[in-house]
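Hi there,

Here is the structure I promised to pass on to you.

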Amino acid sequence: MSPGPARGRTAGAEPGGRRGPARRWQLVRAGTDAVPPSTRRFMQRARQRRLRAALPWALAGGVLLLAGLVAWVLLGTGLFGVREVRVVGGELVTPVQVRQAAAVPDGVPLARVDLADTARRIGELPPVERATVTRDWPGALVVRVVERTPVAVVPQGERFVVVDRSGVAFRTEPARPAGLPLARVARPGPDDPETRAALEVLAALTPQLREALVDVTVEGLARITVRLSGGRTIVWGDATRGEDKARVATTLLGRNADTIDVSAPDVVTFR
């Protein structure tokens, strides 16, 4: 009885009874094991280079985004709006007058306030010589006011106009303020030559002349007189050589004379 056909062959067997090499099957992961290590290292370094190259752009974009957000909050919303206008240094002007002159609406973004323009508007108040405006975060404007210093009064009808060293008339009083010399000029003002001449004469007076002063009268630029207590008069002439004229007139105060003419201080006459 001949043998039947073989029911199966051993793995690796070849026809004729010879055994071939055994075959091995291995699961390969395409993302890792199928790529050589050198290639994986190269790809990893490439990814790192791309990340390093993109990082500055990402940071710059983040900074720009943050700056835009901050600018919007400061300039486009009322979160940091003006809630208070604080006045420092005002005596002749009231805080209400300063706030009205500043004309800054409540709630306007503090960063949008034009400080120089606001200071200019406040400086237009007659008693204010200069003003500075600063921001005090989160919601206040600080106004520092320097007021004019009075140096003389000018009679105008039944009232008295107070002027500063520049001749600016910034206050009117019903009675003559105490402690201020009297200057008689027709039209007091910073652009009036007679006002400037009177102020130059007052600035040149010695303490002795100022103590005895009644008034300085300017009838013309070359016709200035200084009246002293006791009915004495100094003919001053024009406003030039003020220090020389004041020194000579002070020296002659002891003379028995009602009028001292120092209009030419090198040749003095008196009577």
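This is a predicted model: local features need pLDDT of at least 70, side-chain atom pairs count only at pLDDT 80 or more; totals for chains, interfaces and linings use all residues.

Residues are numbered from 1 along each chain as its sequence is written, and side-chain values use heavy atoms, with hydrogens and water left out.

**The chain overall**

The protein chain has six helices and 12 strands; these are DSSP runs numbered from the N terminus, with helices being H or I of at least four residues and strands E of at least two. Of its 271 residues, 33% count as buried (buried is under 20% relative accessible area, exposed over 50%, partly exposed in between, with a 1.4 Å probe and protein chains only). Among contacts with a separation of 6 or more, 44% are between residues 24 or more positions apart, where contact means heavy atoms within 4.5 Å.

**The six-stranded sheet**

An open sheet of mixed pairing runs in the order E7-E8-E9-E10-E11-E12 (two strands pair if DSSP finds at least two bridges between them). Its edge strands are E7 (183–184) and E12 (269–270), each pairing on one side only.

E7 and E8 are parallel, joined over two bridges, and Arg 184 has Thr 217 as its bridge partner in E8. Strand E8 (residues 213–220) then pairs with E9 in the antiparallel sense over six bridges, in a hairpin with two residues between the strands. Leu 213 is bridged to Leu 228 of E9.

Ile 224 finds its bridge partner in Gly 237 of E10. This hairpin leaves three residues between E9 and E10, and Gly 230 in the turn has a positive phi of about 85°.

Which residues of E9 (residues 223–228) sit on its covered face, and which on the uncovered one? Ile 224, Val 226 and Leu 228 are covered, whereas Arg 223, Thr 225 and Arg 227 are on the uncovered face. In a regular strand, side chains alternate between the two faces of the sheet.

Helix H4 (residues 193–204) lies across E7, E8, E9 and E10, and runs at about 145° to E8 (axes are lines fitted to C-alpha atoms, for helices over the stretch in contact, with angles from 0 to 180 degrees between N-to-C directions).

**The cavity**

H4 turns up again here. The structure holds one cavity of 30 Å³ or more, meaning a set of points on a 1 Å grid over the protein atoms alone where a 1.4 Å probe fits but cannot get out, with lining residues having an atom within 4 Å of a point. The lining consists of Ala 152, Val 154, Val 163, Ala 183, Val 185, Thr 195, Ala 198 and Leu 199. H4 gives the most, with three residues. Strand E4 (150–156) and H4 each supply at least two.

**Val 88**

Finally, Val 88 lies in strand E1 (residues 84–88), and counts as partly exposed because its relative accessibility is 38%. Beyond its neighbours within four places in sequence, Val 88 is in contact with Val 142, Val 143, Arg 144 and Val 145.

Best wishes

Technical notes: On a 1 Å grid over the protein atoms alone, a cavity is a set of points where a 1.4 Å probe fits but cannot get out, and a pocket is an open set with protein on both sides within 12 Å along at least five of seven lines; lining residues have an atom within 4 Å of a point. Grid points are joined across faces, edges and corners, and a volume is the space filled by probe spheres set on the points.
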